[in-house]
Amino acid sequence: MTATPPVPRPPAAPAGRHLGMLTLGALGVVFGDIGTSPLYALQACFNGPSAVTPTAANVMGAVSLFVWSLVIVVSGKYLAIIMRADNQGEGGILALLTLALGARKPAPPAAKPAPSRGWPARAAWLVLALGFVGTALLYGDGIITPAISVLSAVEGLEVATPAFHPFVLPLAVGILVALFAIQRFGSGRLGAVFGVVLGTWFVVIAAFGLWSVGTHDPAILGALDPRWGVRFFVANGWHGVVVLGAVVLCLTGVEALYADMGHFGTRPIRLAWYLLAFPSLVLSYLGQGALILQHPDAAVRPFFNAVPAWALYPMVALATAATVVASQALIAAVFSMTAQAAQLGYLPRVRVVHTSSAEIGQIYLPELNWLLMLACLAVVLGFRTSDALASAYGLAVAGTMTITTGLFAIVARRRWGWSVPLVAVVASTLFIVDASFLGANLIKIASGGWFPLVLAAGVFTLMSTWTRGRALLVAAYDARAVSIASFIESIAGASTLRVRGASVFMHAASDHVPPALLQTLKHGGVLHETVVLLTLVTERVPFIHGSERIAVASLGHGFWKVTGRYGFMEHPNVPALLRLAAPYGLATAPAETTYYLSRGTIVPSRHPGMAAWREGLFGFMQRNATSISAFFGLTPDRVVELGTQIEI
C-alpha cells in the first residue's frame, strides 16, 4: 500500500504561463458541453412540436434570447454570483449542499447568541432532499449529453447528402461505445488535448459565424438589442414562452462552470469564457440566424447549413471530436459526483479505480461506466434524433439551475449573513429566470421531458433510501451500544487472553464499542495485545490537510482510539492512515494486524422505520455495495467480517 498522496492546493492567483495552461484546460473541460450546444440549440426553436415559424421577426427574437440568456445566466448568475459560493475552492451542487447544511455564520460578539445554529431535523431533510433532486437531475444531464451531442454531430452528414441518413444511428452508437470503452484508461493523456480541440472548435465556429453574417444577412446583428427578445414574446404570446424550452439548450453544461472551479480556479474560467467561449458562441448563433433570415428552409440544420460546402466534412469531424471531449468531461464529472456522494454517505460504497498516480481526481467507476453506456445507447435508440432529445435535455438543465438558486439563497443567508431583503432581491431575480425556463420545459413532459423526471425520481429514491436507511441503522446500533469506558473497565477486571499482534475494529460511532469487537470477545474470548478502535469521519469540506488528518488517544490496557478525517473529495486508505499514528506511539506491523469488520443484515420488522419496500431496497443496496475492505484499501487476507442481523 502506498501512503495517502498529498492533496494539491490550487494556486490562489495563477499567472503567466500557468494561467494560460489553466485557461486552455478550462476551455476543454468546463466549456465542452455549452460549447457544442450550437449544434442543436437554435434548430430546436424552429423544429419540433413547440417550434415557431422562422420568420424574420422570430429569428431576430430567438437569437436575441440566446445571446442575452448567455449574458444573464452564464456571465451574471454563475460567473458573477454562484461561483462565490465555494467550499474551500470546490464547487458543484454537492459542495453547495454541504455549505447549505452547515452551521450558520457566527453572530457578532455583542449580539445575543441564537439557541441553536444547526438545522431542525425536518428542515435539514428538506434541504437534503432539494440537493438530492439537483444531483439526480445532473445524472440525467450525464446521460443525455453524450447522446444528444454525438447524435447532433453525426447528423451533419445528412446535410451533405440524405444518403447518409441510414448510417447516422449506427455511427452514433459506435462512437458512444468506443467512448465508454476507453474510460478505463483514464482521461490523463486525453486531458492534454481537450483544450486544444475545444480551442480549435471555438475559433472555427466563430470564424464561420462571422463569415455567415457577412455573406447572408448582416441585419442579424440587430439581435444584440434585447428589445427583439421582448418583441418575440409580445408577438408570439404563450407560444413564445414555450420556445424558452429550446432557448435553455444554449445553457447546457452551465453547471460545469461551477462544478469544475476547484480544478481550474475562477480566474481561468472567467478568462476562457470572456476571451473565447462567449464571443464564439454569440458569433455562431448570429451566423446561424443570418442564414435563416435569408434561407428559412435552412432552419432544419442551421449549424451545418451555415458552413461552406468545402468545409462540411471537416466540420463534421471537428464537431464529432468536440462532442466526444464534451461527453468525456461530463462522464468524468458524473464519476466524481458519485464518489463524493458515496463519501458523504448519500450513496452506497462504489469501486473506485484511480487512473493516475499524480492526480487524485482522475478516477474510474467500472460498474457506473457501463450503466451510463447502456443508458446512453437506450436514449439514442429510443429518441433517434437530436430534435426529439432536445425536449428531454432542457428539463434536466432548467431543473438543476433552479435548485442551484435555491441552495445558493440558503448559503447566502445562513453562511454569509446576507440580509433577508438582499437575499430576496438576488434570489428572486435569479429564480424568475430559472422558473421561466423550467416552466417552459415542464410543458414538454409528454414529448420527452418525462425521461429526466423518471431518471431523477429513480436516483432520488436511491439516495434518500440509502441516507435514511443509514440513519436508522446507526440508531439501531446505538440502541444496543456499550460505552467504551465501561467496556475497557470490564476487560481490565477480567482474565481475557491477549495474544500478540494488533486488531483494528472500525465503527462509525466513536464513543461506542464496535459490534465486531463484542462478537469477537463473545465467541472467541481472545483479544490482541493492541486493540485499535477506528472511526473514519467524512467532513463537509473537500480536503483535510496535515495534522488534521488523524487523532490518536491511548485508552489504557492496550486499547487505542483513532479518528481519521477525510474530505468528501478524498478516498480513505486505512493502512496508510494507521502509519500516520506511529509518531503518537501507536505502531502496528502490517503482517501482524487484523481488521475486523461488522456487516449488518437487514431483516423485516413489525414496526419498520421505512416502508417495507424501502427496507428491502436498502438491504439490496447494502448487499451489493462495494465491500468495506476494498473501499478502505485493506488486504483481503488480513480482514475478518462478522455478520449481525439488524431490525430498522
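The following dialogue explains how several features of this predicted model are named.

Colleague: What rules apply to this model before any feature is named?

Modeller: This is a predicted model, in which local features need pLDDT of at least 70 and side-chain atom pairs count only at pLDDT 80 or more, whereas totals for chains, interfaces and linings use all residues. Residues are numbered from 1 along each chain as its sequence is written, and side-chain values use heavy atoms, with hydrogens and water left out.

Colleague: Which residues does T467 touch?

Modeller: Contact means heavy atoms within 4.5 Å. Leaving aside residues up to four places away in sequence, T467 touches W125, L128, F132, G345 and Y346.

Colleague: What makes the nonpolar surface patch?

Modeller: Patches consist of residues with over 30% relative accessible area and no salt bridge; like charges are joined within 9 Å, and nonpolar side chains (Val, Leu, Ile, Met, Phe, Trp, Tyr) within 5 Å. Here L442, I445, W450, L453 and V454 make a patch of about 420 Å². The areas come from the Shrake-Rupley method with a 1.4 Å probe, and for residues only the protein chains shown count as cover. Helix α20, residues 445-479, gives the most to the patch, with 4 residues.

Colleague: Why is the pair of W466 and F618 called tilted?

Modeller: Rings of Phe, Tyr and Trp (its six-membered ring) pair if their centres lie within 6.5 Å; planes under 30 degrees apart count as stacked, over 60 as edge-to-face and the rest as tilted. By this rule there are 22 aromatic pairs. The centres of the W466 and F618 rings are 5.1 Å apart and their planes stand at 40°, so the pair is tilted. W466 lies in helix α20 and F618 in helix α24 (residues 612-624), so the pair ties together parts that are 152 residues apart in sequence. Both W466 and F618 are buried.

Colleague: What makes the aromatic pair of F505 and Y596 stacked?

Modeller: The angle between the planes is 15°, with 4.8 Å centre to centre, and the pair is stacked. F505 belongs to strand β3 (residues 497-506) and Y596 to strand β7 (residues 593-603), so this pair ties together parts 91 residues apart in sequence. F505 is buried because its relative accessible area is 1%, and Y596, at 13% relative accessibility, therefore counts as buried.

Colleague: How do you know that D434 and K77 form a salt bridge?

Modeller: A salt bridge is a side-chain nitrogen of Lys or Arg within 4 Å of a carboxyl oxygen of Asp or Glu. For D434 and K77 the N to O distance is 2.8 Å, and their side chains meet in a salt bridge. This pair links distant parts of the chain, with D434 in helix α19 (residues 420-442) and K77 in helix α4 (residues 56-81), 357 residues apart. D434, with a relative accessible area of 1%, is therefore buried, and K77 is buried because its relative accessible area is 2%. The count comes to 9 salt bridges by this rule.

Colleague: Are E592 and R500, which form a salt bridge, buried or exposed?

Modeller: E592 has 32% relative accessibility and so counts as partly exposed, whereas R500 has 65% and is therefore exposed. The closest N and O atoms of E592 and R500 are 3.3 Å apart.

Definitions and conventions. Helix = DSSP H or I, 4+ residues; strand = E, 2+ residues; numbered from the N terminus. Buried < 20%, exposed > 50% of the residue type's maximum accessible area, 1.4 Å probe, protein only.
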